[in-house]
Amino acid sequence: PQFSGDVSVYQNLDQNFSHDEFALDILSFGSQFKSYGIAGHSQGGTAALHLYTFYWSGLDWSTPAPQDGGRIVQALGTPFEGTALAGNIAALGEIFGIQCGANYDMTYDGAAYWLSFVPGWSRAETWSWTTTFTDNWWSWDYCHFAADLVLSDPEDGVVEAFSGDLPGTNFMGLKEGWCHIGGMVDPAQIFDTI
């Protein structure tokens with residue numbers, strides 16, 4: 001997809017933020033703009049929805065307005081309903097220098113608690129997409145071998161498809177042949193332009 005108007009890139013890699021901390025970090029970055037929409041990847045999608053739901057920001061000035069075809073929040077590979085990789089498994093990975101450690105907001109329980117406060121009006125202004133590995137009938141397929149042992153298919157190596165299809169949002173579908181990040185079996189989902 002192509003974007004119209006000005007585009008700015010927010011990146012704050014290798015952090016372990018709660019959804020609220022992440023949303024406030026985006027709010028700080030976005031304060032330089034009067035209005036904006038957000039295309040968020042992974043927890044960036046939950047942080048964008050959190051920002052729109054709980055704070056006044058440039059998202060509230062977004063143009064064109066949704067009724068005119070604008071999209072306030074777009075989320076790709078976002079674990080709205082949590083991921084098994086965010087709890088104890090993530091804490092174990094941190095010991096071995098893998099990823100950022102456990103994050104309660106992204107566990108199944110933490111996500112359910114957070115979602116209990118996210119109303120229908122902000123969900124309705126969110127568009128979401130999910131991806132999964134290429135499924136070949138002749139082989140065992142996965143994005144990441146170890147993640148495949150704990151996640152339910154279809155999944156992208158981090159996020160199970162059901163978790164990215166949040167009720168009340170505009171779910172745009174599940175696409176095969178893309179994984180969550182680079183270094184997995186299929187290409188990183190952020191590079192899919194179709």
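Residues are numbered from 1 along each chain as its sequence is written. Because the model is predicted, local features need pLDDT of at least 70 and side-chain atom pairs count only at pLDDT 80 or more, while totals for chains, interfaces and linings use all residues, and side-chain values use heavy atoms, with hydrogens and water left out.

**The disulfide**

A search of the whole structure finds one disulfide (a pair of cysteine sulfur atoms within 2.5 Å). Cys-143 and Cys-179 form this link with their sulfur atoms 2.0 Å apart, and an angle of -90° about the S-S bond makes it left-handed. Cys-143 lies in the loop between strand 3 (126-132) and helix 6 (145-148), whereas Cys-179 lies in the segment after strand 4 (170-176), so the pair ties together parts that are 36 residues apart in sequence. Helices (H or I, at least four residues) and strands (E, at least two) are DSSP runs, numbered from the N terminus. Buried here means under 20% relative accessible area, exposed means over 50%, and partly exposed lies in between (1.4 Å probe, protein chains only). Three buried residues are listed below.

| Residue | Relative accessible area |
|---|---|
| Cys-143 | 2% |
| Cys-179 | 0% |
| Asn-103 | 9% |

**Asn-103**

Asn-103 sits in the loop between helix 3 (88-95) and helix 4 (108-115). Its side chain reaches the backbone oxygen of Phe-17 at 2.7 Å. Not counting residues up to four places away in sequence, Asn-103 touches Asn-16, Phe-17, Gln-43 and Ala-86, where contact means heavy atoms within 4.5 Å.

**The nonpolar cores**

A nonpolar core is a set of buried Ala, Val, Leu, Ile, Met, Phe, Trp, Tyr and Cys residues joined through side-chain atoms within 4.5 Å. The largest has 13 residues, of which Ile-26, Ile-38, Leu-51 and Leu-59 touch the most other members. Helix 1 (19-30) and helix 2 (43-54) are the elements that give two or more residues to this core, and helix 2 gives the most, with four residues. A second, separate core of seven residues includes Leu-49, Phe-80, Val-118 and Leu-166.

**Helix 4**

The buried residues of helix 4 are Gly-110, Ala-111, Trp-114 and Leu-115. Seen down the helix axis, they fall within an arc of 130° (taken from the directions from the axis to the C-beta atoms), so they line one face of helix 4. The face turned away from this buried side carries the exposed residues Asp-109 and Tyr-113, and what covers the buried residues includes helix 1, helix 2 and helix 5 (120-123).

Terms used. Polar contact = N/O pair within 3.5 Å; in protein donor to acceptor, adjacent residues only side chain to side chain.
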